[in-house]
Every structure is written in C-alpha cells, then in structure tokens.
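Here is a short briefing for a reader who is meeting this structure for the first time.

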Amino acid sequence: MSTMKPRDSEIRFDLQIIASWIEPGSKVLGLGCGEGDLLHFLKKNRRVTCTGIERNEDKVAKCIERGLTVLQGDINEEVLDYPDDAFDYVILSQTLQQIYEPGELVRSMLRIGKRGVVSFPNFSHWSVRLQLLTTGRAPITKQLPYDWHDTPNIRVIALKDFRRFSRETGFSILREVAINTDHHEKSGNIIKVFANLRATYGVFLIGNNKG
Amino acid sequence: MSEYIEHDKNGLSVGIVEKKFFTFARPPKEMTLENGSALGPVTLTYETYGELNPDRSNAVLIMHALSGDSHAAGCYSKDDAKPGWWEIMVGPGKGIDTDKYFIVCSNILGSCMGSTGPGSINPKTGKAFGLDFPVVTIGDMVTAQKALIDHLGIERVLSVVGGSIGGLQVLEWCLRYPEVVVSAIPLATTPKHSALTIAFNEVARQAIMADPNWNKGDYYNGAKPDLGLAVARMIGHITYLSDESMRHKFGRRLQDRSDFSFNFDADFQVESYLRYQGSKFVERFDANSFLYITKAADYFDLTRQYDSGSLVKAFSRAMAKFLVVSFTSDWLYPTYQSKAMVKAMKKNDLDVSFCEIEADWGHDAFLLPNERLTALMKGFLERVYNETAR
C-alpha cells in the first residue's frame with residue numbers, strides 16, 4: 001500500500017487521480033459532470049479544453065455560472081452527436097453504475113474519444129460483503145448510500161467484473177487504480193494488494209483494442 | 001412584450017439614456033437587400049450603455065424581438081414612467097453588466113420605432129412607403145446592424161444576445177459575420193420557423209389585411225387598421241403564454257362581474273386581457289411593420305441560407321462560443337428546436353453550452369425576471385470576456 005498525499009485537496013481524491021492522468025492542454029468531455037468540480041479543476045490547472053454533459057438543470061446552471069462549457073442532456077444520447085475522436089479523453093466518473101446500457105456507452109466513449117476514464121464504487125468491498133452476510137439485506141454504504149427502492153444506481157459492479165466487461169466488450173484497460181478514501185473523500189490511499197476486497201473505488205483508463 | 005416592463009426592484013439602473021440615429025446607404029450607395037432591391041438612405045435608431053474599453057473588446061449587441069425597440073434599458077428623463085424593455089437584465093451589476101460592457105441596442109430595419117420601415121417616407125415619392133417598402137429579411141436587418149457597428153468603430157463583438165426574433169438575428173450574425181462574433185446567446189429561439197409558428201403569424205397578418213382600413217398598406221393619411229392589428233397582437237399574446245401560465249394568470253375567472261353577461265362583452269379575464277393588450281399595442285405599433293417583420297421571421301431558415309442544405313453545414317461557418325437557452329413551457333419556439341441547433345453546433349466542434357430552464361411562463365419567460373437566466377448570462381459573458389482578454 002502506498003499513501004498518496006493529495007497535492008491539491010480542492011477536489012475529491014478519486015478526481016485527483018483522474019486529473020493526474022489528463023495530459024495538459026488536451027480536450028476533455030465529462031459525462032455526468034455534476035457541478036463541474038473536476039472540469040473546473042482541469043481547466044484551471046491543466047489548461048484543458050473541456051465540455052461537460054449533465055442532466056440536472058441546477059447543476060448545469062452552476063457549471064455555466066462558474067464559466068464552464070456544459071450541455072444539459074442525457075449522456076447516452078448526447079454522445080451520439082460528436083464526430084469520431086473529437087476528444088482526447090471522455091470521462092465517466094462514478095456514473096457507470098447508473099447506466100442502462102454500459103456497453104453501448106463505453107463504445108460511444110471510445111468512438112468520440114481517444115481514451116476513456118471510468119470510475120465507480122467497488123461493490124465487492126469487504127464492508128459490502130460483510131453487510132450482506134450479517135444482515136441479509138441489500139447493503140447500504142457510504143459509497144452507495146441508497147435503499148434498493150430509491151437508488152439511482154441500477155447496477156452493482158466489482159473491480160473484477162469491470163475487467164471481465166473490458167474483455168467481453170472489447171476494449172483495453174490501460175491503467176487502473178484502486179483507492180480507499182477517507183471520510184471527507186479529499187484524501188485517500190491507493191490499494192495494491194487484495195484491491196477487489198479492500199478498495200472503495202476503482203478508476204480505469206481505457207482505450208480501444210489495438211489492431 | 002412591453003407589458004412586463006418594470007423598474008428594477010433594487011433601484012439599479014443605467015440611468016438616463018439617449019436615443020441616437022445613424023443614417024447610411026445614402027444614394028447612390030444604397031443597401032442591396034436579399035431580394036435584390038436597393039434601399040437607401042437607411043436610418044437606424046440605437047442606444048448605447050456603458051463605456052467601450054480602450055481595446056474595443058467589450059461590446060455586447062442586444063437584439064430585440066418583434067415589437068421591441070432600441071430602448072433596452074434606462075430612462076429618457078427623471079420623470080419617465082417606464083424604463084427600457086430589458087431593464088431587469090441590462091444595468092450595473094446585472095446579467096448584462098453596464099459597468100463592464102459597452103452595450104448597443106438598435107431598432108431593426110422594417111420596424112416603426114425610429115428605424116427605416118414601411119411607415120418611413122419614401123424619398124422617391126415623398127409619401128410613406130407602405131407596401132412599396134421592400135420585403136426585408138433577418139439577414140438584411142443584420143447587415144444594417146453591421147453598418148452601425150462599423151460606424152461605432154467596433155471590429156469584434158464580445159457577444160450578440162437576443163430572444164425570439166432577436167434570437168434569429170443572433171444566429172444570423174454568427175453565420176453572416178463569423179469572424180466578428182466572439183460569442184452568442186440565442187434565447188428561446190429557433191433555426192427556422194415551424195409550420196405552427198408560420199401559421200400563427202399568417203393568421204395575425206390576415207387579421208391586419210382583412211381590416212378595411214388597411215387599404216393595401218396605404219393608410220398613413222387616414223384611419224389606421226387598428227382592429228386588425230389589435231387582433232394580430234391578441235394572437236401573438238396567446239403564443240407567448242402557455243396553457244400553464246394562462247391557467248395561473250386567468251383560469252376561468254370573470255372580469256368585473258359575478259355572472260356571464262350573455263352577450264359578447266369580455267366576460268372572462270383572459271378576454272379582457274387580450275383586448276387590453278391589443279388596444280394598447282395599436283397606440284405604439286405600425287400594422288405594416290408587423291407584416292414585414294413577421295414575414296422576415298417566417299422566411300428565416302438557416303438550413304436554406306448559405307446554400308447549406310443542412311443545419312450542420314450552416315453552422316460550419318460559425319466560430320462563436322454559444323450559450324443556448326430554452327424554456328420548458330415555450331410552445332412557440334420549443335426546446336427541441338434549440339436542441340437541433342445545439343446538435344449542429346456540436347457536430348461542428350463549436351464551444352456550446354445549453355440549458356433548458358424550467359419555467360411556467362411560456363415563450364415570454366426570457367423577458368421575465370429570472371435569476372437563473374441572469375446568472376447563466378452573467379457567468380457566460382464573464383468567461384468569454386476573460387478568455388478574450390487573455
């Protein structure tokens with residue numbers, strides 16, 4: 001286990017990891033960008049040209065007010081409009097678990113972007129397993145804090161599952177980091193041993209299979 | 001649109017403003033219009049607010065809608081009862097900040113609020129043009145505005161802003177003079193009128209032309225087609241509202257009575273409202289201008305202009321950064337029309353932001369106090385200004 005001290009704790013630890021992967025000056029599309037924390041950080045610190053897509057009007061407005069380029073819309077539909085390789089990176093941060101057709105979306109991401117970044121809460125974390133085992137009910141965790149009947153998270157994904165998904169869908173995992181974050185999520189650890197059991201989040205850099 | 005004009009509730013205003021005139025295209029250098037005819041001299045009335053900065057990079061053009069004028073903000077005197085039509089948006093510290101930007105608003109070609117239009121004197125005859133006035137287009141209006149901007153010494157415009165028919169001009173600016181427009185805010189607008197919109201406009205025009213006083217547009221020395229114009233305005237007002245807003249505003253409430261009159265007086269509040277709006281409108285607007293401007297708006301079609309054939313091809317000319325805004329209850333220029341432009345902009349790799357604002361007030365929402373709209377425009381303008389200054 002290596003401890004990573006956040007250099008810039010204005011954004012969440014998982015977003016800091018993503019930000020560290022983005023080449024300065026590149027072109028980025030953020031899917032489900034929320035209030036634009038990551039995009040704002042990238043624009044300010046990495047001279048990145050970015051666009052965000054977000055469904056919620058309040059969040060879209062917040063983004064535009066803070067000077068970001070953001071479109072209100074459904075990410076599954078909005079990605080279809082862009083030409084091939086329109087972006088250097090297409091980021092799907094903590095939204096994969098809410099996507100109805102993840103295969104379709106990931107394929108679109110890698111059509112319109114040279115690289116994709118996907119992160120999600122790890123459903124095979126020991127606390128999730130323990131809860132199910134001991135309580136016999138659908139687990140509720142800090143990362144997935146909803147009851148089964150009011151959750152936007154329609155899918156549960158383990159780090160291992162995503163690796164298999166990459167083989168089945170036909171894309172490559174270029175980099176992956178499993179992390180554990182502290183209570184405020186501003187700092188955390190990178191998990192290297194037994195990640196599938198110990199990590200709360202997985203962050204993956206993906207690309208098209210070569211050839 | 002004037003029904004909403006009100007003083008700023010915080011008392012913030014650009015203050016006393018002055019109406020100005022610019023005349024150009026004097027014969028023999030007349031302006032060539034899209035329909036091939038020549039027009040000149042042409043006068044535009046305009047107003048400016050704020051100061052042009054030394055590098056002339058802070059100019060914002062405001063485009064008004066069908067019945068608007070150059071008087072977007074401020075008052076003409078201390079005793080002026082009503083400020084300009086967008087007083088809520090234009091002023092110190094407001095969405096379009098007069099402390100930061102140099103704002104120009106001109107009355108469109110073909111209107112009757114001081115710029116050259118069908119009610120102006122035809123220099124060839126010494127009488128009002130009437131139907132001898134050429135059918136102008138949104139493109140012609142924008143060409144005239146460009147002449148004004150040149151006259152003011154502005155080479156690049158920080159932003160072109162407008163809603164409804166003003167939004168059509170915004171889009172036209174972006175395609176006609178792409179290298180001039182840094183950014184654009186088309187509000188509650190469309191790349192082309194739908195059959196529904198054209199239909200409403202046609203019924204409104206027919207109401208005017210069916211008025212015997214209209215006299216084929218030649219009425220400037222006699223009784224005006226007030227009844228026809230009032231009905232045209234009533235139709236307009238229906239399209240500016242929504243089912244929701246009319247239910248809120250009027251419901252089935254009766255006007256100044258407790259029971260039906262059992263005649264054809266204005267029983268319902270909605271009838272009374274429309275009659276009032278119609279009768280008020282004829283005091284300030286020229287029926288022929290209504291015909292010309294609505295026709296120009298109906299002809300407007302970005303997919304037809306510039307031999308483009310498609311919206312995507314049309315926007316391939318554009319270079320501006322866009323903020324597109326639509327309103328949920330707008331059935332005159334519904335959101336799907338804004339989304340169609342956004343799609344074409346995306347396909348052209350343009351910098352575009354889009355927000356659909358939840359609002360019950362129909363098409364008129366862009367003229368009503370709306371903190372969301374104000375904040376969006378303010379943030380967007382600040383951003384493009386900072387990016388340009390860099």
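Predicted model: local features only at pLDDT ≥ 70, side-chain atom pairs only at ≥ 80, totals over all residues.

Residues are numbered from 1 along each chain as its sequence is written, while chains are lettered from A and ligands numbered from 1 in the order in which they are written.

**Confidence**
- Chain B has a mean pLDDT of 95, and 98% of its residues reach 70 or more; pLDDT is the predictor's confidence in each residue, from 0 to 100.
- For the complex, the predictor gives an ipTM of 0.92 and a pTM of 0.94.

**Helix pair in chain B**
- Helix α1 (residues 138-151) and helix α2 (residues 165-176) of chain B have axes that come within 9 Å and cross at roughly 70 degrees.
- α1(B) is therefore roughly perpendicular to α2(B) (a term for angles of 65 to 115 degrees).
- B:Ile138, B:Gly139, B:Met141 and B:Val142 of α1(B) meet B:Leu168, B:Gln169, B:Glu172, B:Trp173 and B:Arg176 of α2(B).
- The residues of this contact comprise five nonpolar, two polar and two charged.

**Contact between chains A and B**
- In chain A, 15 residues are in contact with 21 residues of chain B (C-beta atoms, placed from the backbone, within 7 Å).
- On the side of chain A that touches chain B, α3 (57-65) and β4 (69-72) are the elements that give two or more residues.
- α3(A) gives the most to that side, with five residues.
- That side of chain A has eight nonpolar, three polar and four charged residues.

Note on methods:
Axes fitted to C-alpha atoms, helices over the stretch in contact; angles between N-to-C directions. Helix = DSSP H or I, 4+ residues; strand = E, 2+ residues; numbered from the N terminus. Parallel < 35°, antiparallel > 145°, perpendicular 65-115°, else oblique. Contact = placed C-beta atoms within 7 Å. Nonpolar A, V, L, I, M, F, W, Y, C, P; charged D, E, K, R; others polar.
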